[in-house]
Amino acid sequence: MLKAVILIGGPQKGTRFRPLSFEVPKPLFPVAGVPMIQHHIEACAQVPGMQEILLIGFYQPDEPLTQFLEAAQQEFNLPVRYLQEFAPLGTGGGLYHFRDQILAGSPEAFFVLNADVCSDFPLSAMLEAHRRQRHPFLLLGTTANRTQSLNYGCIVENPQTHEVLHYVEKPSTFISDIINCGIYLFSPEALKPLRDVFQRNQQDGQFSALYASRLYLSRYQDTHPERLAKHTPGGPWIRGNVYIHPTAKVAPSAVLGPNVSIGKGVTVGEGVRLRESIVLHGATLQEHTCVLHSIVGWGSTVGRWARVEGTPSDPNPNDPRARMDSESLFKDGKLLPAITILGCRVRIPAEVLILNSIVLPHKELSRSFTNQIIL
């Protein structure tokens with residue numbers, strides 16, 4: 001038998017995810033139309049022999065989280081349980097603290113996934129590699145260029161055996177072009193020395209929702225083609241991978257895509273252009289708005305002929321032209337170019353431009369803004 005552990009952190013984590021995290025726990029943020037950790041759970045449930053999925057974090061078990069766990073158990077026909085930490089214990093600390101629950105039933109091995117990882121989750125391939133050459137733990141890595149590698153945990157491996165010889169988290173100088181993907185496979189015996197193996201700090205991690213949405217939407221072509229919208233006569237024009245919730249109302253003259261996710265109860269007016277964006281439930285995009293590289297929060301309204309735009313961000317470690325996240329959000333007193341985020345119930349007036357900005361919840365704007373955080 002096998003188990004899986006998903007590390008979901010807690011409300012103090014992911015401060016750069018604000019203001020979206022004010023409204024919903026980060027693991028439940030919808031990416032490509034479903035909660036972020038549902039992609040993790042779907043991947044784990046497809047591994048033959050999977051018996052239980054455990055979530056570890058220090059969120060309070062509120063109603064949305066409880067409802068999600070109940071729905072996930074029914075959908076995947078697997079026990080999905082939440083183990084709440086009494087305090088932030090870190091990656092190794094959380095696993096060690098709940099070791100009895102993880103090892104209950106004597107699993108052959110267990111996967112560990114960070115909730116803020118977006119991946120195609122090659123879990124079956126990892127399991128095959130583990131069974132061919134058994135080690136206490138297996139770590140999934142990928143390659144990056146020299147500059148990008150400084151932003152990740154770097155692995156020095158034996159090129160013949162692929163054993164880890166050295167590991168440094170976010171080194172100050174170049175160590176290796178092989179970086180940690182945040183997906184592991186452990187043997188039960190690995191829990192004994194685990195406290196000394198990983199001292200990983202997730203607090204500075206930044207979740208790129210648009211990049212994750214792009215990845216999962218592209219995977220839907222193989223895993224869930226029924227979730228992707230199709231261009232039909234009399235309907236909106238669909239370009240590339242687009243998810244539209246069945247309850248959303250989209251005008252026939254709207255142009256959507258590529259890489260767009262539209263949530264429950266969203267209204268998209270005539271002539272709207274949407275690209276590389278997420279529109280969360282209850283939002284309204286009035287006639288002829290343009291939303292590019294942005295996230296529109298729950299219940300927000302974008303007025304007619306307004307433009308909400310961010311700077312394309314692609315943290316793909318295999319892309320040498322990828323823009324890496326800055327150490328600071330500001331430079332010379334201004335917000336650095338990034339995706340634009342509208343918090344919950346923001347109102348954008350007609351015919352204005354909101355560019356590279358973050359708007360906190362419940363704000364009603366009256367003019368254009370560029371490179372600012374609107375408090």
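His39 is found in helix 1, which spans residues 36-45; helices (H or I, at least four residues) and strands (E, at least two) are DSSP runs numbered from the N terminus. The model is predicted, so that local features need pLDDT of at least 70 and side-chain atom pairs count only at pLDDT 80 or more, while totals for chains, interfaces and linings use all residues. Residues are numbered from 1 along each chain as its sequence is written, and side-chain values use heavy atoms, with hydrogens and water left out.

With a relative accessible area of 4%, His39 is buried; buried means under 20% relative accessible area, exposed over 50%, and partly exposed in between (1.4 Å probe, protein chains only). The side chain of His39 reaches the backbone oxygen of Val31 at 2.9 Å. Such a polar contact is a pair of N or O atoms within 3.5 Å; within protein, one must be able to donate a hydrogen and the other to accept it, and residues adjacent in sequence count only if both atoms are side-chain atoms. Leaving aside neighbours within four places in sequence, His39 is in contact (heavy atoms within 4.5 Å) with Val31, Ala32, Val34, Phe121, Tyr216 and Tyr220.

The chain as a whole has eight helices and 31 strands. Of its 375 residues, 49% count as buried. Among contacts between residues at least 6 apart in sequence, 54% join residues at least 24 apart.

In soluble globular proteins, nonpolar side chains tend to be buried together. The largest nonpolar core in this model has 56 residues, and those with the most contacts inside it are Phe29, Met50, Ile53, Leu55, Phe111, Leu123 and Ile295. Helix 8 (residues 209-223) gives the most to this core, with six residues. Apart from this core lies another, of 29 residues, among them Val260, Leu274, Val291 and Ile374. A nonpolar core is here a set of buried Ala, Val, Leu, Ile, Met, Phe, Trp, Tyr and Cys residues joined through side-chain atoms within 4.5 Å. Leaving aside neighbours within four places in sequence, Met50 is in contact with Leu2, Lys3, Ala4, Cys44, Leu78 and Phe111.

The second largest pocket holds about 610 Å³ of space. On a 1 Å grid over the protein atoms alone, a pocket is an open set of points where a 1.4 Å probe fits, with protein on both sides within 12 Å along at least five of seven lines; lining residues have an atom within 4 Å of a point. Grid points are joined across faces, edges and corners, and the volume is the space filled by probe spheres set on the points. The lining of this pocket comprises 19 residues, of which Leu138, Leu139, Thr161, His162 and Glu163 lie nearest its centre. Helix 5 (123-132), strand 7 (137-143) and strand 8 (153-157) each supply at least two lining residues, and strand 7 gives the most, with five. By class, the lining has 10 nonpolar, six polar and three charged residues, where Ala, Val, Leu, Ile, Met, Phe, Trp, Tyr, Cys and Pro count as nonpolar, Asp, Glu, Lys and Arg as charged, and the others, Gly among them, as polar.

Asn145 lies in the loop between strand 7 and helix 6 (146-149). Asn145 counts as partly exposed because its relative accessibility is 25%. Its side chain reaches the backbone nitrogen of Thr147 at 3.1 Å, and the C-alpha atoms of Asn145 and Ser176, 31 residues apart along the chain, are separated by 8.9 Å.

The loop between strand 9 (164-169) and strand 10 (178-186) contains Lys170 and Ser172. Lys170 is partly exposed, at 36% relative accessibility, whereas Ser172 is exposed, at 72%. Ser172 and Asn151 are 21 residues apart in sequence and 9.0 Å apart in space, C-alpha to C-alpha.

Most residues other than glycine have a negative phi, and most peptide bonds are trans. A cis peptide bond, with omega about 0°, joins Gly257 and Pro258. Pro258 is found in the loop between strand 14 (255-256) and strand 15 (260-262).
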